[in-house]
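Keep the viewer open while you read.

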Amino acid sequence: MTPDQFREHGRDVLDWIARYLDEVERYPVLSSLRPGEVRSRLPEHPPQQPEPFERIWSDFKQIILPGITHWQSPWFFGYFPCNRWPSSILGELLSAGLGVQGMLWLTSPACTELETHVLDWLVELLDLPRRFLSTGSGGGVIQDTASSATLCAVIAGRERATGLASRRQGCPPGLTAYASAQAHSSVVKAMALAGIGTDNLRLIEVDESYALRPDALRRSLEADRRAGRKPFCVVATIGTTSSMAFDPLRPVGEICREHGLWLHVDAAMAGSAAICPELRSFHDGLELADSYCFNPHKWLGVNFDCDCFYVADRESLIRAMSVTPEYLRNPASEAGEVFDYRDWQIPLGRRFRALKLWFVLRSEGAEGLRSLIRRHIALAAEFADWVSNDPAWELAAPVHLNLVCFRHRGGDAVNQRILEQVNASGRMFLTHTRLDDRWTLRLCIGGLTTQREHVTEAWRLLQEAARMQTVS
Ligand code: PLP
């Protein structure tokens, strides 16, 4: 592709994206393709000769687009959102244009320094504990996802507990970690990948609001100590995936301090809400945490992927992660004057993700982000009111932030069929979970363009589907 062709096609692609953003609500939210259908439309063998862009572009529209689930649709209420502002798309585009690989400070000083700076800004904006600031002994780094952040935290905790011995000799037996029974599956995965083993993760009982019970945590880890095991880490969740429950950080943090355990706090979804001062109470006790993460790619409108991971003592993370071959040595790193973010994460290479975050923070401003979050929360509260005022339905968990867990009183099979019916309509998309072993619908409001009319219509569609299920 020549520079002139790049300009011309680039304009077409940007125009198309701008139109897509305007029109996305007209697409059926869920792709209706069957498994294998996209592949069946692709040539069996890779191209040997260059193809004109027009052909690639046309195939994108004919083959790829029908296989897209439209996460940016205002009718997308599933999982947790993954939204992004236009300013973020431009930051992402520039990152691709620069093609920087920021493993070391030297490989692009701006990539590292912008990241450090913007993550310090977020400490101020979210009123996070000052021990996470890079100007002290802590600091923040952008990971791809919360799963990676949790894995890094578990590894750093493992190394602190074993005095770095497990780096060299593998994991000693008996290391044990704790999380609530509602913690995200990435905690289980981290235990497997860190070589500690999923049998050594205790999933602690939750209370009636699905939050971890500190008394049960204490009992479990004291029993483990008596049995000669070595508790080393607790992962607490602020905003669980199933129901947005908040584990009580202060009592959990105090137990961790008392027993010398690494406390990681996973606030993947809910953390963004702390940009609103009136919503910060769920962070009470966060100063007791060793590490913390949240995903601006879920609720601050920064393109996937962008997880902000903070540690209070960066040296414990770097010691656990760092391996330095000769070919990466350079004077700035050797002098200890700079951060080399390769030592704060699993892979060596890294993208210039801070650009999109910087673009969003500047282009929307804290006030723009606050009003988005407040709008979503107000809509969720209104939806929850409609549910609780309809005798055929009930709330399934306390409503926190922008997630409503609810169910029809007709039982599991009815709820399952309601979900299938509304999703098959293509008009909206929501997902489910199980709470107390009962099928539960989850409606999460997080679209940048989701307005009251979308939520009202979603409720109407759900009620209509319920009527059809209970009549038939
Ligand atoms: N933690 C929580 C509480 C989540 O809700 C999720 C995903 O929704 C994750 C972790 C995993 O997120 P990621 O895709 O960033 O790894």
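Predicted model: local features only at pLDDT ≥ 70, side-chain atom pairs only at ≥ 80, totals over all residues.

## Surface and charge

Residues are numbered from 1 along each chain as its sequence is written, and side-chain values use heavy atoms, with hydrogens and water left out.

On the charge side, there are 51 positive and 57 negative side chains, and the centres of the two sets sit 3 Å apart. Lys and Arg count as positive, Asp and Glu as negative, with His and the chain ends not counted. Each charge is placed at NZ of Lys, CZ of Arg, CG of Asp or CD of Glu.

## Overall build

Because a compact globule of 472 residues would have a radius of gyration near 23 Å, the 24 Å of this chain agrees with that picture. That radius is taken over C-alpha atoms, and the globule rule is 2.2 Å times the number of residues to the power 0.38. Along the principal axes, the C-alpha atoms fill a box of roughly 65 × 60 × 45 Å.

Inside, you'll find 16 helices and 11 strands; these are DSSP runs (helices H or I, at least four residues; strands E, at least two), numbered from the N terminus. Of the 472 residues, 54% count as buried, where buried means under 20% relative accessible area, exposed over 50% and partly exposed in between (1.4 Å probe, protein chains only). Take the contacts between residues at least 6 apart in sequence: 74% of them join residues at least 24 apart. A contact means heavy atoms within 4.5 Å.

## Two domains

The domain assignment gives domain 1 (1–30 + 69–84 + 365–472) and domain 2 (100–351), with bounds from an automatic or database domain assignment. Their C-alpha centres lie 29 Å apart. Where they meet, 28 residues of domain 1 are in contact with 30 residues of domain 2.

## Buried spots

Helix H12 (residues 314–321) is mostly covered, with six of its eight residues buried: Arg314, Ser316, Leu317, Ile318, Ala320 and Met321. Their cover includes H6, H7, strand S5 (262–266) and S7.

Thr112, in helix H5 (residues 109–125), is buried too, at 2% relative accessible area. Leaving aside residues up to four places away in sequence, Thr112 touches Gly102, Leu104, Trp105, Phe339 and Tyr341.

Most residues other than glycine have a negative phi, and most peptide bonds are trans. Which peptide bond is cis, with omega near 10°? Look at the one from Phe304 to Asp305; Asp305 belongs to the loop between helix H11 (296–299) and strand S7 (307–311).

Leu164 has a positive phi, near 70°. Leu164 sits in the loop between helix H6 (146–162) and helix H7 (165–169) and is partly exposed, at 24% relative accessible area. Asp436 also has a positive phi, near 50°. Its loop runs between strand S10 (431–435) and strand S11 (438–444), and at 57% relative accessibility Asp436 counts as exposed.
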